[in-house]
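Take the points one at a time and find each residue as you go.

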Amino acid sequence: MLGITALAAGAFYLNMYASRPQLDGDIALAGLHQSALIKRDENGTPLIEAADLNDAVFSMGFLHAQERYFQMDLLRRKAAGELAELFGARAVEADKLARVHRFRARAREFVEQLPADQRTVLRHYVAGVNAGLRQLHARPFEYSLLLTAPAPWKEEDVLLVNMAMYLMLQVRNEPHPELIRQKLITQYDREFADFMQPSESEWDAPMAGHAGAPATAALPALLGKQLAIASAPHVDDLVADAGFGMSQPKESIIGSNSWAVSGRKGIDGHAILANDMHLPLQQPNTFYRVSFKTKGSSRIVAGVSIPGLPLLVAGSNGNIAWGLTNSNGDWSDLVRIPKEHLAAESRTVREMIAVKGGSAIPLDVQETQWGPVVASDAQAAYAMNWVAHHVEGNNLKLYGMMTEPSIDGALKIASHAGMAQMNMLIADAHGNAAWTIAGRIPQRTGFDGTEPVEWGNGVGWSGWLDTPDYPLLTTADHDYLWTANNRVLDGDALKKIGAGSSFALGVRAMRIQQVLAASKTMNEADMLAMQLDDVSLLMKRWDGLITQVIAGMPESEDKKVLKDTFAQWDGRAAADSAAYRVIRRFRDEVAGDLMTEALSKVLKSDPKLRWDMFAHNWELPLWQIVSRRPANMLPAGFASWDAYFQDALVRRVYGPYKKRFNGALSKAVWGEANMSDIRHPLSKGIPLLGSILDMPSSPMNGDSNVVLAQFMSFGPAMRLVVSPGHEQDAILTMPAGEAGNPLTPYFRKGHEEWRTGKPLPLLAGTPRYVLRLTPLN
């Protein structure tokens, strides 16, 4: 047995060695028009020097395939619902969820409708990808583990990667927010639904329009008058932190940040852009850094790409720099179809899900003129109309940002880009900056998109907004602009983004705005320091509550330990802070108790539901209950709210830490719970691969509701700071290296700088490796 194991390990190592990317030398390739150079520095950052952008895009496709083909394959398969072909029966349910949208069929159709210039880009990129795959001396090592071979890249696969970003960033169908709201209204009433899903709060920090105000209305009449469920899911049944007693209910949306300062606030009159896009942390990283230089141009285009797409999603071209954060707008609607009309309004399409090691599984999808049916009840079926289903929502228009010289041109590109809708911040070399939405915006007519309705007779989507109608803010009126997945506008401008939008709690945006307002001038180092800011505005009021609880405790050693611990807290979500960990867990415990009770009636109706599905910003209704303390919401078994809070703090939070650390609460630091978890997808199923493929785990500052929004396996997948025209001073760090193959010399390069907050340059440094691509003919 040991001999067979050693033999298998040796074969795997040889395959891994043979599937490394080629870093030096000359390669002749079909599809390339003129010679191109790929210069990599010691970190693996490539600079592509090509005759024109077509050859540059070909070369980027070559690099993507050499370094990241398995990652690209997973993205297209996630969108197409084809993961079971690689992973077998365990992936069937995920494939079913994706296959409902029939993205493969839509991608084939949409590719044929792309304009000629985008088809040209597509052809060059796909040719480069397949050339890169063919030039590997062995299939990427992941396929040898899975005992399969990679399929060539197709033009439609590029659009599938685009569709995969919709799936990653926007709502799918499990369950749709409109169904959640409908269930709240049906089970309770509209007042209760509004309480659980408020449209604004005291944490709002919009760039334009009014900020929210603390809720002052009476608590809903139905609050506390529910049927209690002894078996309701408690907070401890949700995601746990590696067994350290830390619970994590699904938090109000955590994610990306971006901001820009105009030349009036930047050093020497320069506008500066900062962007840290947050995604699940993984190895290899979601983004691949790359830069281009073409003949006849003195400028370098540099930024981050997504392997599978022939463009930069964020970066700078010397004239403008651009960055993205998820808009969290409302980009899909449910069309209610009465059951008696369903047969006439739909057709059944059979999809076959291929399963590795098993028989193909049929899936019947009901298609309608509005989109696929994703849910039903006794009275109606619900078809999902999603921008991702439309040709307008899938194109390569964003490619134009690499050469666009002006903000005005960039705004036009943004308004016609077929991509998951994002907040786009743009800065230019003249000291100006602007914000808009990138991605197509549907025009709703006759409804607001908050609940399912029947379409027809003037109700539905009536087209797409054009550039002049897009929401827009500029530094002509503001010295700085900022976004953090929050509500950025109000009034009619906000309605364009969607009344049913699920914006993040504005606490991150509020902190960003505070720092920007307090700063007279800023440079690149100041911007990076902001990206690392871990001040927790949200937890300060929970700290205040805990301080009150401690003050009401009888004198004891426990009281002394807790009092001393909280006296030292500096307001940060710091890895070495025990106070922050206690606050965090106390809040989660209280949330699990009170929100489960508040939503007990709807939870009893379906055991698959969790309370955090019904209030993505659950801090808002939770704090209303905590601060007002209605008698009918007091958990059973307690004579007063003070007694309940003291029990939650002392027995359920402090008690386990006291036992584990022999009374030394100072050892129960936040960083022990918030350990980085950056893994390769295969190491989760084959743990022995972890030491080879995964990034090292380490304690992290930050949390979900601070600017440094990172919690275990979620966090900043890139940090970019750049002033267009001054790229030599720009910063770009990522949590994992460029390479997907661990035997590549720069596999882990950059991780340590990302972890510690040290800057790395955006531009490639002194070439360490030089590869020349030449035309085959």
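The points below go through a pocket, a helix, some backbone details and the aromatic rings.

1. Before anything else, keep in mind that this is a predicted model. Every value in these notes is computed from that model.

2. Let's start with the second largest pocket, which holds about 540 Å³ of space. Two elements give two or more residues to its lining: helix H9 (177–187) and strand S16 (371–376). Of these, H9 gives the most to the lining, with five residues.

3. Which residues lie nearest the centre of the second largest pocket? Look for Pro175, Leu179, Lys183, Asp606 and Leu609, out of 18 residues that line the pocket.

4. With 15 residues at 1.5 Å a residue, H8 should span 21 Å, and its end C-alpha atoms are 23 Å apart, so the two values agree. If you expected 15 times 1.5 Å here, note that the expected span uses one less than the number of residues. H8 is also mostly covered, since 13 of its 15 residues are buried.

5. Now for the backbone. Find glutamine 283 and proline 284: the peptide bond that joins them is cis, with omega at about 0°. Proline 284 sits in the loop between strand S8 (278–280) and strand S9 (288–294).

6. Asparagine 662 is worth a look too, as it has a positive phi of about 55° although it is not a glycine. You'll find asparagine 662 in the loop between helix H21 (641–660) and helix H22 (670–673). Is asparagine 662 buried or exposed? Its relative accessibility is 75%, so it counts as exposed, because the cut-off for exposed is over 50%.

7. Methionine 712 also has a positive phi, near 55°, and it is a residue other than glycine. Its place is the loop between helix H23 (690–693) and strand S24 (714–716). Methionine 712 has a relative accessible area of 14%, so it is buried; the cut-off for buried is under 20%.

8. On to the rings: how many aromatic pairs does the structure hold? There are 22 aromatic pairs. Take phenylalanine 12 and phenylalanine 141, whose ring centres are 6.1 Å apart and whose planes lie at 75°, so this pair is edge-to-face. The pair links distant parts of the chain, with phenylalanine 12 in helix H1 (residues 2–18) and phenylalanine 141 in helix H7 (residues 141–146), 129 residues apart. Phenylalanine 12 counts as buried at 14% relative accessibility, and phenylalanine 141 counts as buried at 2%.

9. Phenylalanine 638 and tyrosine 644 form an edge-to-face pair as well, 5.5 Å centre to centre with 75° between the planes. Here phenylalanine 638 is partly exposed, with a relative accessible area of 25%, whereas tyrosine 644 is buried at 0% relative accessibility. Both belong to one aromatic cluster, formed by Trp542, Phe586, Trp623, Phe638, Trp641, Tyr644 and Phe645.

10. Last, look for charges over rings. The charged end of arginine 584 sits over the ring of phenylalanine 711, 5.1 Å from the ring centre. Arginine 585 lies over the face of tyrosine 657, at 5.7 Å from the centre of that ring.

Notes. Residues numbered from 1 in each chain as written. Predicted model: local features only at pLDDT ≥ 70, side-chain atom pairs only at ≥ 80, totals over all residues. Heavy atoms only, no water. 1 Å grid on protein atoms, 1.4 Å probe; cavity = no way out; pocket = protein on both sides within 12 Å on 5 of 7 lines; lining within 4 Å. Points joined across faces, edges and corners; volume = space filled by probe spheres on them. Helix = DSSP H or I, 4+ residues; strand = E, 2+ residues; numbered from the N terminus. Buried < 20%, exposed > 50% of the residue type's maximum accessible area, 1.4 Å probe, protein only. Phe/Tyr/Trp six-rings, centres within 6.5 Å; stacked < 30°, edge-to-face > 60°. Lys NZ or Arg CZ within 6 Å of the ring centre and 35° of its normal.
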